Amino acid sequence: MQSKYATSRLDANIFCIYVKPMKPNPLRTTVSVIRGEIGITQEEFARLIDKSRITVQSIELGKLNLSKGLALRIAQETGVALPWLLDEKPDEPPWAWAVGGGTRPWTKADYERAQARKAERTSSDYKPDLFEIIERAKKDVQDWPAIVSSAYAKGEGQVCHFLARQFMADMEKRFGKDTKNFDGKWVKVRPKK
């Protein structure tokens with residue numbers, strides 16, 4: 001029986017082992033690349049595009065071709081350029097359309113912006129003011145005490161606190177901190193009249 005390892009004896013105490021290099025994954029697709037870059041599971045990606053996990057898996061395995069309609073849905077949900085998805089060249093980095101024409105590299109931030117835009121369903125020119133965004137933020141964090149309580153009950157209170165601090169540090173690093181309008185209280189910003 002032939003081994004996948006080739007060995008040769010150099011002396012009584014030293015052996016040299018050669019391991020064959022792994023082949024690149026032939027099943028890599030643009031869909032698997034974009035899903036991996038976003039960092040979500042097949043199940044989460046399936047919910048995002050309103051398809052089954054089996055559909056996502058079949059596309060990623062090359063058993064099902066990516067239709068133009070589904071590619072359009074993925075482009076809308078992720079911010080990646082439709083032509084990149086349809087070209088099926090997963091070794092080329094994903095790209096997005098640049099403002100003013102041309103292209104630019106796609107990043108996870110494009111996905112985040114696409115999801116944020118999706119939340120704005122009222123009109124295409126709608127842009128919330130600072131007060132409205134702050135009111136939304138207050139609603140977003142209202143479940144925080146219940147999450148902390150649950151983590152504490154599971155013996156994970158310190159982990160929960162660490163993750164929250166890490167999240168806030170990441171947000172501050174990415175967006176900065178407006179100390180001019182905020183001193184830790186919600187009352188400094190008032191709606192426009």
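Helix axes here are lines fitted to C-alpha atoms over the stretch in contact, and angles between N-to-C directions run from 0 to 180 degrees. The model is predicted. Helix α2 (residues 42-49) packs against helix α4 (residues 68-78) at an angle of about 100 degrees, and their axes lie 9 Å apart.

**Packing of α2 and α4**

- Angles of 65 to 115 degrees count as roughly perpendicular, so α2 is roughly perpendicular to α4.
- On the α2 side, the contact is made by F45, L48 and I49.
- On the α4 side, L70, R73, I74, E77 and T78 take part.
- Sorted by class, the contact of α2 with α4 has five nonpolar residues, one polar residue and two charged residues.

**T78**

- T78 is found in helix α4.
- Because buried means under 20% relative accessible area, T78 is buried at 0%.
- The side chain of T78 reaches the backbone oxygen of I74 at 2.7 Å.
- Leaving out residues up to four places away in sequence, T78 touches I34, I38, F45, L48, W106, D110, Y111 and A114.

**Confidence**

- The protein chain has a mean pLDDT of 79, and 74% of its residues reach 70 or more.
- Residues 22-26 have pLDDT below 50, and this stretch has zero contacts in the model beyond near neighbours in sequence.
- Residues 187-191 stay under 50 in pLDDT, and the model gives them eleven contacts beyond four places in sequence.
- Where pLDDT is low, the predicted coordinates should not be read in detail.

Definitions and conventions. Residues are numbered from 1 along each chain as its sequence is written. This is a predicted model: local features need pLDDT of at least 70, side-chain atom pairs count only at pLDDT 80 or more; totals for chains, interfaces and linings use all residues. Side-chain values use heavy atoms; hydrogens and water are left out. Helices (H or I, at least four residues) and strands (E, at least two) are DSSP runs, numbered from the N terminus. Angles under 35 degrees count as roughly parallel, over 145 as roughly antiparallel, 65 to 115 as roughly perpendicular and the rest as oblique. Contact means heavy atoms within 4.5 Å. Ala, Val, Leu, Ile, Met, Phe, Trp, Tyr, Cys and Pro count as nonpolar, Asp, Glu, Lys and Arg as charged, and the others, Gly among them, as polar. pLDDT is the predictor's confidence in each residue, from 0 to 100. Buried means under 20% relative accessible area, exposed over 50%, partly exposed in between (1.4 Å probe, protein chains only). A polar contact is a pair of N or O atoms within 3.5 Å; within protein, one must be able to donate a hydrogen and the other to accept it, and residues adjacent in sequence count only if both atoms are side-chain atoms.
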